[in-house]
Amino acid sequence: MDIDYFARKQAPDTSPSAIAVRILDELLRWRRRPDDRDDHASVRHHHLPRLQKAIECAAPLTFLLPAFPAKSPNPRKVLGNLPDTAERIALTFLNDLCQRIGEYHKPGARVLLCSDGHVFADTIRVADATVAQYQVQLRELAREIAPSSIEVVNLHDALPAEHADIGFEQARAYLMKHYGKSADDTRAQYMADEVGRAHYRAITRFMFEDGLTPDYNGSRNALQVDSRQRAIEVIRRSQAWGNLLDQAYPGTLRLSIHPQAPASPKFGIHLSDCVDTWLTPWHAVAVDVGGQFRLMKREDVERAGGRVVHVDGRPSHFVIEHARCQGESR
């Protein structure tokens, strides 16, 4: 009996192509997609070559994720200005994802988390000082949870070295001058297809919700008009930010918190195992439901009788008797 033959038959395929398939299968479990169509075959067609090329380098895979800007300025949605259990859950999820990918790709995987609050601060109406406090705490949380798999960087980290010490306003001006498009070009691009229009509507909705604070005294119509204008600027900034990141961190694999079409170079991904929510940690609170966490808007949790839990003297999350992912507001 040829024992070596049977050992070879049972050994897993460790070719770059086979490893790429396993890693993409893992990512597809958490894919954030634009609709309910079964388009995984198309996703594989577009993303497997990118993954395989990265794996063939025999180096750790680096996923680049622009996200975690700052907490929403609307207290109806969040517990405060600083990272809390909602961010902890997301960072733990990303760390676990890297660990699982490391089981297939021995050099391992890491996430370059590009905290982009300073890119959007004036547009989303969050002070740069508040963004800076959020980023300091986010870095500390990442070092605690995932010291080897998550690195937090920001706008100044990505800028060319000779501009690393300029102020926030100057940094945004430099970003848009060298990497941005005009508002008219951006609007035309996003209105050209349904995916772009859906993204624009989603950003407008977030702008409207964030602006509908308890102290807002204007009309809902005026806020809607303002939100549409700011949505285009957020998208414009986001594109410029992506262009800068492509230059600053070449060779990375792009993730996104937004749904992505199969042919997009970005892969849309959820930040927790509750994959039917559109909420993010910075637009929601974490809710403990029988030992399992969900993301919900603060006002929805309070309406359902949720109780705030404090950790180290700070509000951390809610506990509630009954809630479901599908009960979350979009």
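This is a predicted model: local features need pLDDT of at least 70, side-chain atom pairs count only at pLDDT 80 or more; totals for chains, interfaces and linings use all residues.

Analyst: Residues are numbered from 1 along each chain as its sequence is written, and side-chain values use heavy atoms, with hydrogens and water left out.

User: Why is H4 called oblique to H6?

Analyst: Two packed helices are described by the angle between their axes and the distance between the axes. The axes of H4 (residues 85-104) and H6 (residues 128-145) come within 10 Å and cross at roughly 45°. Angles under 35 degrees count as roughly parallel, over 145 as roughly antiparallel, 65 to 115 as roughly perpendicular and the rest as oblique. H4 is therefore oblique to H6, and their crossing is right-handed (the near helix is turned clockwise from the far one by less than a right angle).

User: What makes the contact between H4 and H6?

Analyst: Contact means heavy atoms within 4.5 Å. Glu 87, Arg 88, Leu 91, Thr 92 and Asn 95 of H4 meet Tyr 134, Leu 138, Leu 141, Ala 142, Glu 144 and Ile 145 of H6. By class, the contact of H4 with H6 holds 6 nonpolar, 2 polar and 3 charged residues (Ala, Val, Leu, Ile, Met, Phe, Trp, Tyr, Cys and Pro count as nonpolar, Asp, Glu, Lys and Arg as charged, and the others, Gly among them, as polar).

User: Why is H8 called roughly perpendicular to H11?

Analyst: H8 (residues 168-179) and H11 (residues 220-248) pack at an angle of about 80°, with their axes 9 Å apart. That angle makes H8 roughly perpendicular to H11. On the H8 side, the contact is made by Arg 172, Leu 175, Met 176 and Tyr 179.

User: What makes H9 and H11 roughly perpendicular to each other?

Analyst: H9 (residues 183-190) packs on H11 at an angle of about 95°, with the axes 9 Å apart. H9 and H11 are therefore roughly perpendicular. Among the H11 residues in this contact are Ile 232 and Ile 235, and the contact of H9 with H11 has 4 nonpolar, 3 polar and 2 charged residues.

User: Why is the pair of Trp 30 and Phe 93 called edge-to-face?

Analyst: Rings of Phe, Tyr and Trp (its six-membered ring) pair if their centres lie within 6.5 Å; planes under 30 degrees apart count as stacked, over 60 as edge-to-face and the rest as tilted. By this rule there are 3 aromatic pairs. The ring centres of Trp 30 and Phe 93 are 5.2 Å apart and the planes stand at 90°, so the pair is edge-to-face. Trp 30 lies in the loop between H2 (16-28) and H3 (40-55) and Phe 93 in H4, so the pair ties together parts that are 63 residues apart in sequence.

User: What makes the pair of Phe 68 and Trp 282 tilted?

Analyst: Phe 68 and Trp 282 are 4.9 Å apart centre to centre, with 50° between the planes, and this pair is tilted. Phe 68 lies in the loop between S1 (61-67) and H4, and Trp 282 in the loop between S5 (267-268) and S6 (285-289), so the pair ties together parts that are 214 residues apart in sequence.

User: How do you know whether Phe 68 is buried or exposed?

Analyst: Buried means under 20% relative accessible area, exposed over 50%, partly exposed in between (1.4 Å probe, protein chains only). Phe 68 has a relative accessible area of 0%, so Phe 68 is buried. Its phi is near 50°, a positive value in a residue other than glycine.

User: Is Asp 312 buried or exposed, and what is the reason?

Analyst: The relative accessible area of Asp 312 is 79%, so Asp 312 is exposed. Asp 312 is found in the loop between S8 (307-311) and S9 (314-319), and has a positive phi of about 55° although it is not a glycine.

Conventions
Axes are lines fitted to C-alpha atoms, for helices over the stretch in contact, and angles run from 0 to 180 degrees between N-to-C directions. Helices (H or I, at least four residues) and strands (E, at least two) are DSSP runs, numbered from the N terminus.
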